Amino acid sequence: MQLYPQMSEQELLIQGVVMREALVRILARHSQVSGVDGVDAEICVRSLSNAHLDIGLPPFSGASLPACLEPTVTQALADAPRTERDFKILLSALEALLSSSRWIRRSASEGDDAAFEEKHRHALILGKGALLECSTMTVGLAVMEPELCYPYHKHPPAEFYVVLSEGHWYREDVGWWNPEPGGVVFNPPSAVHSMRSTDKPLLALWELSYAVD
């Protein structure tokens, strides 16, 4: 996937810092207007602000984006919200980084959509084995084709999503809800959660935190 020409390592690192700073501002605003989740947002803001980024070294995790999913990613990025300055900055940095990112997929489990594995991908942007190395967190971009439900799952690290498309999110203590494009979703450690797309692709930036300074 070549949205941008191949960039130098220094250019990639700059775009990574730009993306991180836009994320920090978006989450900081969310923490000021949220209730319980505002506490989680403050923790994520500190974690992102203190994270050390470096150029990742091969071998990188994942593979190239399959050609069949390129139209899905292109449409999702085109539909993403750009009415606010920080979202414009965030998406511009993401588009630059995606050209060099590697993509991973979740394996389907028993009872899942048989074609699930081929209908979604995650671009690994920050983290161990990612485009930009970071030991305290993993940041990725989730892309799903229309009318697809991500399997219910849980994991020890806390997680947030910055929602970049229409879609529905599930958390075991809340049920299903639509946070709307531009919203933020938090999943506490080991909380069962999921997401599903509408008649358009789903796009969301996510982060798993492993440590907070």
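The largest pocket in this predicted model holds about 230 Å³ of space. Its lining is made up of 15 residues, and I104, H122, Y150, W206 and L208 sit closest to the centre. As for secondary structure, strand 3 (120-126), strand 6 (159-163) and strand 11 each hand two or more residues to that lining.

Strand 11 (202-209) turns up again around helix 3, as part of what covers the buried residues of that helix. The cover also includes helix 4 (85-98), strand 2 (102-104) and strand 5 (137-144). Helix 3 itself spans residues 70-79, and its buried residues are T72, V73, A76 and L77. These four take up an arc of only 125° around the axis, so they end up on the same side of helix 3.

Elsewhere, three strands build an open sheet, ordered 8-7-10 and paired antiparallel. Strand 8 (175-177) and strand 10 (193-196) are the edge strands; each has just a single partner strand, so one side of each goes without a neighbour in the sheet. On average, neighbouring strands here are turned by 20° against each other, ignoring direction. Between strand 7 (residues 168-171) and strand 10, the antiparallel pairing runs over four bridges. Within this part of the model, W169 stands opposite M195 of strand 10.

Technical notes
Residues numbered from 1 in each chain as written. Predicted model: local features only at pLDDT ≥ 70, side-chain atom pairs only at ≥ 80, totals over all residues. Heavy atoms only, no water. Buried < 20%, exposed > 50% of the residue type's maximum accessible area, 1.4 Å probe, protein only. Arc of directions from axis to C-beta. Contact = heavy atoms within 4.5 Å. Pairing = 2+ DSSP bridges. Axes fitted to C-alpha atoms, helices over the stretch in contact; angles between N-to-C directions. 1 Å grid on protein atoms, 1.4 Å probe; cavity = no way out; pocket = protein on both sides within 12 Å on 5 of 7 lines; lining within 4 Å. Points joined across faces, edges and corners; volume = space filled by probe spheres on them.
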